[in-house]
Amino acid sequence: MLTQEETDLLCRVGPGTPMGELMRQYWLPAAYPWELEVDGQPQRVRLLGEDLLAWRDSDGNVAFTQQRCPHRGAGFFFGRNEKGGLRCAYHGWKFNVNGDCIDMPNEPPTSNFKNKMHITSYKGADFGGVTWCYMGPNQEDPPGLPQFEWGLVPEEQRKHYRRFIYECNWMQALEGELDSTHAPILHGRLHLEDSPRYGGYTVEKFADFFVEKQDYGLVYGAERKQPDGNSYWRASHFLFPFYGMFPATASRVPLSIYVPIDDYYTMHFGLEWHPTEALPGERYPTPDLPDEPGYLTPNQGPWKPEQKGTFYANWWPEISPETDFHMDLWAKKHKNFTGIPSVRQQDAAVEWSMGAIMDRTKEHLGTADATIIRARRQIIGAARALAEDGTIPPGVNEPESYKVRSCAVVLPGGVNWMEALGDWFFARTTEYPESAGSLTGQ
């Protein structure tokens, strides 16, 4: 368990907080490039507790700008994105992507007042089909974007297949990703003989855990010993500050992203890629629901109608607390553990049920929580080190270290898992590791 002080340090991300300052060292996934049209309508976003407008200027440059004009406080959302700048609708003050005032039409031509006006404007960049925001102190010379493999492969080899808002703190969402033993329960089907469309099925629900520190965070493996003497390994990574990787298969490598909107809301992005092969299907999220009770969809399901007046207006899910996450009681009784029709919304339901920020002083952690314990310790330590002596947190200055993959594979018993999987893990080969045998109970 954590103390209340440690929980607050871990979860609070607003300006001036230790975790907020740590998060501001990194580039943050914030939108998709197609959402921000050249000279188009600015979009309301919230990142790390700051309300911002995301927009793209006439030259295609992206900025994340304070929402209100410094003149009389009018909202830039109602202004115009035109000819290289964002113009306030009230008196016409206009600012470029760097935050400089470039026009002040209600002042006389002899006035140099505009040269004294500057607004908060954070750098943006496009990479890998995502638009990123850098809110850190080095706006003139930001660190490199994390070089995830999915950003380096051709577009047809990656899919952005899931995006929605979690109604809970970012760390709760991330901890769900790092928890390897919940999958056979929360995401499991009730009967082995049923279709896998109802969920996974694993006879052994427990695992032995192995966790190793890396420059970017952690690599960890969960070993389930099989009756034939082999071992089933689910092995993956935690990458600073909020990335987790569900174990890959030979056909895809997945990544989950949990961007803190503020202390109480989290933006989840889900994507997958293949190092050498094209992936079929849509490139960006679709709103599909399963066609039979108990079947599970890999995406988030439909979104609510545009939530005008709020941040991320188009990304609020219909499968949500207001609908008890679409829980189907027949499916819950006969097909899978929850009756909730989406794997990720099953996660969202239990994480929301903990409260907006769970009370970690009352939890009771076991051996199965080894990765969560290590990740918390590492994140808290990094935030303290940055606050106390300015130590740059893991991965910020090593963008190339983010080129990693996860794995789910059967290995011979007693084999060193890191040696067996290392070439795949760290993208030194494109050949998926070969399994030693079949997995019992699938």
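For the residue classes used here, Ala, Val, Leu, Ile, Met, Phe, Trp, Tyr, Cys and Pro count as nonpolar, Asp, Glu, Lys and Arg as charged, and the others, Gly among them, as polar. Please keep in mind that the model shown in these close-ups is predicted.

**View 1. The largest cavity and its lining.** With those classes in hand, the lining of the largest cavity comes to 7 nonpolar, 5 polar and 5 charged residues. The cavity itself has a volume of about 140 Å³. Among the 17 residues of its lining, Glu177, Asp179, Arg234, Phe246 and Pro247 are the closest to the centre. Helix H3 (170-178), strand E14 (231-239) and helix H6 (343-353) are the elements that each give two or more residues to this lining. Look also at Arg234 and Phe246 as a couple: the charged end of Arg234 sits over the ring of Phe246, 5.0 Å from its centre.

**View 2. Tyr243 meets Tyr402.** The two rings have their centres 6.2 Å apart and their planes at 80°, so the pair is edge-to-face. The partners come from distant parts of the chain, 159 residues apart: Tyr243 belongs to strand E15 (residues 243-244), while Tyr402 lies in the loop between helix H7 (370-389) and strand E18 (407-411). Both Tyr243 and Tyr402 are buried. Ring pairs also tie them into a cluster with Phe127, Trp132, Phe148, Trp150 and Phe242.

View 3. Trp424 and Tyr432 form an edge-to-face aromatic pair, with 5.0 Å from centre to centre and 75° between the planes. Both of these residues are buried. In all, the structure holds 33 aromatic pairs. For a contact between a charge and a ring, turn to Arg44, whose charged end sits over the ring of Phe77 at 3.6 Å from its centre.

**View 4. An open sheet of 4 strands.** The strands follow the order E5-E6-E7-E8, with antiparallel pairing. Strand E5 (80-82) and strand E8 (101-103) each have a single partner strand and stand at the edges, so one side of each is left without a neighbour in the sheet. E5 is joined to strand E6 (residues 85-87) by 3 bridges, and Glu82 stands opposite Gly85 in E6.

How values were computed
Residues numbered from 1 in each chain as written. Predicted model: local features only at pLDDT ≥ 70, side-chain atom pairs only at ≥ 80, totals over all residues. Heavy atoms only, no water. Pairing = 2+ DSSP bridges. 1 Å grid on protein atoms, 1.4 Å probe; cavity = no way out; pocket = protein on both sides within 12 Å on 5 of 7 lines; lining within 4 Å. Points joined across faces, edges and corners; volume = space filled by probe spheres on them. Phe/Tyr/Trp six-rings, centres within 6.5 Å; stacked < 30°, edge-to-face > 60°. Buried < 20%, exposed > 50% of the residue type's maximum accessible area, 1.4 Å probe, protein only. Lys NZ or Arg CZ within 6 Å of the ring centre and 35° of its normal.
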